[in-house]
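This report describes selected features of one structure. The sequence and the model are shown first.

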Amino acid sequence: MTVLDIRNLAVAFGATPVVHGVDLSIARGEALALVGESGSGKSITAMALMGLLPARASMTADAMELEGQDLRGLSDAALRRLRGPQMGMIFQEPMTSLTPVLTIGRQMTEALRVHFGLSGEAARARAIDMLDRVEISRPADRLRQYPHEFSGGMRQRVMIAMTMALEPRLLIADEPTTALDVTVQAQILDLMRTLVRETGTSLLLITHDMGVVAQMADRVTVMRHGRLVETEAAAPLFAAPRQDYTRILLNSVPRLDAPLRPAPQPTPPVLGFRDISRSFAGRGLLRRSEPVRALDGVTLDIARGETLALVGESGSGKSTLGRIGTRLDLEHDGRVEIDGIDITGLRGRALRKLRSRVQVVFQDPLASLDPRFTVGRTLGEPLRIHQGLAGECLRTRAADLLAQVGLPSSALGRLPHEFSGGQRQRIAIARALAVDPAVIVADEPTSALDVSVQSKVLDLMEDLQRERGLAYLFVTHDLAVVRRIAHRVAVMRRGRIVEMGPVSAVLDDARHPYTQALLAAAPVADPTRARRPPAPMPHTPDKPLSLVSDGHWVAA
Amino acid sequence: MMARYLIRRLLMGVTTIFVTTIAVTLLIHLVPGDPVQIMYAQSQGTTPEQLEAIRDRLGLNDPLPLQYLSFLGRLLEGDLGQTIRGQQPVLELLLERLPNTLALAGAAMVLAVAIGLPIGFLAAYRRGSWVDSTLMIAAIAGVSVPHFWLGLVLMFVFAVNLGWLPVAGTGPANLILPAITLGLSNAAIVARMTRSSMIDVMSQDFVRTAHAKGLPKAMILNAHVMRAGLVPIVTMMGLQFTYMMGGAIVVENIFAWNGIGRLAIDAIFQRDYPLIQGFILVFATTVVIVSLLIDLAYALLDPRIRRSA
Amino acid sequence: MTAFAPSDAPRRTRSFWWRVLMQPAGAIACAIIVLLLAAAGLADLLAPHDPTRMAAGRPLTPPSLAYPMGTDELGRDVLSRIMYGARLTLRIGAIAVGISLVLGLTVGLLAAYLRGWLEALLMRSVDVLFSFTETLIALAFVAVLGPSLTNAMIAVGVAGIPFYARTAYASALSERSKPWFEGAVAAGAGPGRLLFLHLLPNVMPTMIVVATLGLSNAILAAAALSFLGLGAQPPQPEWGFMLSAGRDFFSRAPWLMLFPGLAIALTVLAFNLAGDALREAMDPRSLLREDAR
């Protein structure tokens, strides 16, 4: 029994085609994943289905049927009546997808009243029931609250409850967990699986994450550049992809069972953190509340030629530690050492001189480069400042740097917006390399990139490390990336290190319950792996670190 | 928490008035030349001895801090001194005229909102259509027409030529032309701001969510867009009222409307510094009080402030 | 490594000025501004009469071939006065906006760059000034300095500082919190480099829009002051002052009301349209609209 049948869908923005020749069909109770990298047209396809394309877009299709009803040529009003009860949609951004000035109750009940003509009382009862099913406690009280009183994960639960309350035949979820922490992601995915199974709803899951696909999908459709690459049942697709592109996509995904990088020779530390603490004056929208302790007595060393990964969820303090290491944040307690020398107190000129030792690469490649500086000026800036280069000399050196990150010297005269995300990140790496640093702090450097690009950037970083003996402090939330790039790893939670040691010891023999929970929650790109339900998170106060085996420290 | 927000706004307002008192005391000393001589330049035959006596009476011979303290002390007793011309009590005179100015600004405000708000909503709702273009062309033209010119034209047409309304003076029928003058100019500003604020809200994610739930368009606009858009619009109203107060000064002078603005311009011409000082203080205080009321409305409208615990 | 392929990335298909002029608002604004500049620049060559010479014609002559905009109550040629008035108006706008922009930008940039107590001090002062409203500040200034066109320009310029400072501050604060700024700090850039090579160029686009819209604001405010008699003094051919001087003769000579008012309105309209067009052309969302595919 087919719920959704689309044949030869084409969408164009003005004269520019963005989606062409896409076929999709979903059976009752089936979960279809629509996978692709940025620009593949996967979200546009969903919006076309919902009838929510922007006004300037045009759409054609040979067939577009939902529950046997032709969606093509329906009036706005008719389409509107289908949205909600026939097809519901959940979006990526939980923080902005709910109306800030209306109560949750109002937002949950209004569609019930519009579509089913429920009375206020009946709609309220249904809303309470749904909040209960998405495991939100005290649902009756929560209905009176506003979105800002919920966390991101909780808001996504509310979105799911709100959408599923209408019992849609088809649930479209557009990157529903991409903005969430891994442990929250695991809970939300688990919840969606349960609800979909219980209600017999069909699921169209749009995602870029092969791990999420493997956990959720019965069948998979791969898209690229607005075209369909292949559609296949999940198990055979992961086992033996037929198309080259699918194979590349799957091979690019970092895996938790990948071979480890060989450990480097032990050397003295280049960058050291001694008992670092950092508080932020608690500032809400308007109020000044209790200071938030972002870091609480962190001690850490990074050796020459070594990659140390800092792993944790949002609010763990991992990025703050990175900023302190690069001296972009100076308001902390404790000491920072470079080559064993205390540099905590350095300011002004002395600090600027020292900045060449520690460089930084950020997450968002576009925001990392001054939009008004050409690549040549961006690369030339540190060279001018630290090495006093100018003129032809400067140009040659900048071109040389570009060559090292695999870009031609013709890029020197261009502005950042003329490059793709991966190219921009290469430029940012080249800038970091310009002053020949000992350490590069990389804060989620590949999180904003597509997997195939991520893989190449990680390769580049590895090559550069080998050639130059660079040390990386690699901040990330992704344990599979840790395995791929790091020698050692420190797991952080609420401003403290809970477990630290060689990658093999921490990932294969995790001792701390939080590390175990992170590992269990990490989506694995393998549909045959048993789906472990997310482990309940113990909230015990952490004890000081103690040594359990060679170089493996655990707070327990 | 809302209380704390309001207390902060209140403190800000008190600071503003406090700074005003200092500025007002210093004002007379910043005048190039001898202020007393300038003040009395128009009256013939004042002897140097008389000028010195006046200087003494105004306290200008005391050290500055003492001048400020005695100014503050008299202010707390409700005494802002006497006007140079006519020797009237400054505060009494200003408070007598203030209701006229507030009536003018208030009437103009009602008019500006009544005209501007619906136009802004309509233009945002029909964005990109000919309705939008027409309304926005009218609005930008309205913003560009100087209100003193608009006032003159209205007076010329409706009072002088057609004789429907009184030309000048203070009274209920006299309020109509000045209020329309001030209201129309500001209606254009309100319309432009409303439109851009509404368009901003309409592009938010939560509006997409409301569409995805299959809510009727009218309901999305009424419940989601309007409620969310109201918050910035109310803030804008506060600013708008201060524009009105400023605009009233000019319009009062065109139509000989007896408000504090007319008083102020006369005072500037006559170099009546006690009156100028009083005017600045009263004007600033009025603006601060209105802003506080707007902040209160803002806090009540936005649950993120109302309920931040 | 992937081949260098700039075609993957969004391109700016047309130049910035092209985007400005292709909007109706931009084109109209440009036409009026060119006209204004021509009138102001070529007044010496084109104006049929001396703008201050009395009895160039009979007083209150209606518009005719000899006096296309008629003559005023003293027999001066209105067209010539309007043309020389364009010169005054543009000068008033430029000087007033110049004062607001330079001082506002300095305060805003410094506050955003320095942070800490100086930021608090500067911006709280700006907040206090802002709540005084521009009108009050301008009036207070004229009250102290005395009525004259120069003082009116200064008053209007000073009155604008709080708004310019706030806008520059907000823009600079948002720029300095972006990773590229920290990237420049990490690269070792000193205060001068950060302020003048990085922050300033990135804040300027916003400030150019603000200043363009500010021109119309300043011209209106200065004309209002002159209209009240607190700005231009006789025999200066200032448009606002011309309106107030001609008030008593409107029934007999409506052209005295029409032409100066129209001149102000068109000038203000031109800078409003220009500001809108510049903002539209700079808006990243309008860029996206063009580049989305």
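## Strand β14 of chain A

Strands β14(A) and β19 (residues 471-476) of chain A run parallel and are joined by five bridges. Within this pairing, V311(A) has T476(A) of β19(A) as its bridge partner. β14(A) also pairs with strand β20 (residues 488-493) of chain A, again in the parallel sense, over four bridges. Here the bridge partner of L310(A) is A490(A). The model is a predicted one.

β14(A) covers residues 307-311, and five of its five residues are buried, so the strand is largely enclosed by the rest of the structure. T307(A), A309(A) and V311(A) point one way from the strand, while L308(A) and L310(A) point the other way. In a regular strand, side chains alternate between the two faces of the sheet.

## Nonpolar cores

The largest nonpolar core has 249 residues, and those touching the most other members are L49(A), M108(A), L170(A) and F279(B). Helix α10 of chain B, residues 217-254, gives the most to this core, with 17 residues. From chain A, the core draws at least three residues from each of domain 1 (2-251) and domain 2 (304-330 + 346-520 + 535-554).

Apart from its neighbours within four places in sequence, M108(A) is in contact with A127(A), M130(A), L131(A), L143(A), V158(A), A161(A) and M162(A). A second, separate core holds 56 residues, among them A432(A), L458(A), A480(A) and V481(A). Nonpolar side chains tend to be buried together in soluble globular proteins.

## Interface of chain B and chain C

About 3500 Å² is buried between chain B and chain C, with 78% of it on carbon and sulfur atoms. Chain B puts 44 residues into the contact and chain C 43 residues.

One salt bridge is found across the interface of chain B and chain C. R192(B) forms a salt bridge with D276(C), with the closest N and O atoms 3.0 Å apart.

## The loop at Q82(B)

Q82(B) lies in the loop between α4 (64-76) and α5 (90-125) of chain B. Its relative accessible area is 36%, so Q82(B) counts as partly exposed.

Leaving aside neighbours within four places in sequence, Q82(B) is in contact with Q87(B), Q88(B), P89(B), V90(B) and P274(B). Between Q82(B) and E92(B), ten residues apart in sequence, the C-alpha to C-alpha distance is 9.5 Å.

Methods: Residues numbered from 1 in each chain as written. Chains lettered and ligands numbered in written order. Predicted model: local features only at pLDDT ≥ 70, side-chain atom pairs only at ≥ 80, totals over all residues. Heavy atoms only, no water. Helix = DSSP H or I, 4+ residues; strand = E, 2+ residues; numbered from the N terminus. Buried < 20%, exposed > 50% of the residue type's maximum accessible area, 1.4 Å probe, protein only. Contact = heavy atoms within 4.5 Å. Core = buried A, V, L, I, M, F, W, Y, C linked by side-chain atoms within 4.5 Å. Domains from an automatic or database assignment. Pairing = 2+ DSSP bridges. Buried area = accessible area lost by both parts, 1.4 Å probe. Salt bridge = Lys/Arg side-chain N within 4 Å of Asp/Glu carboxyl O.
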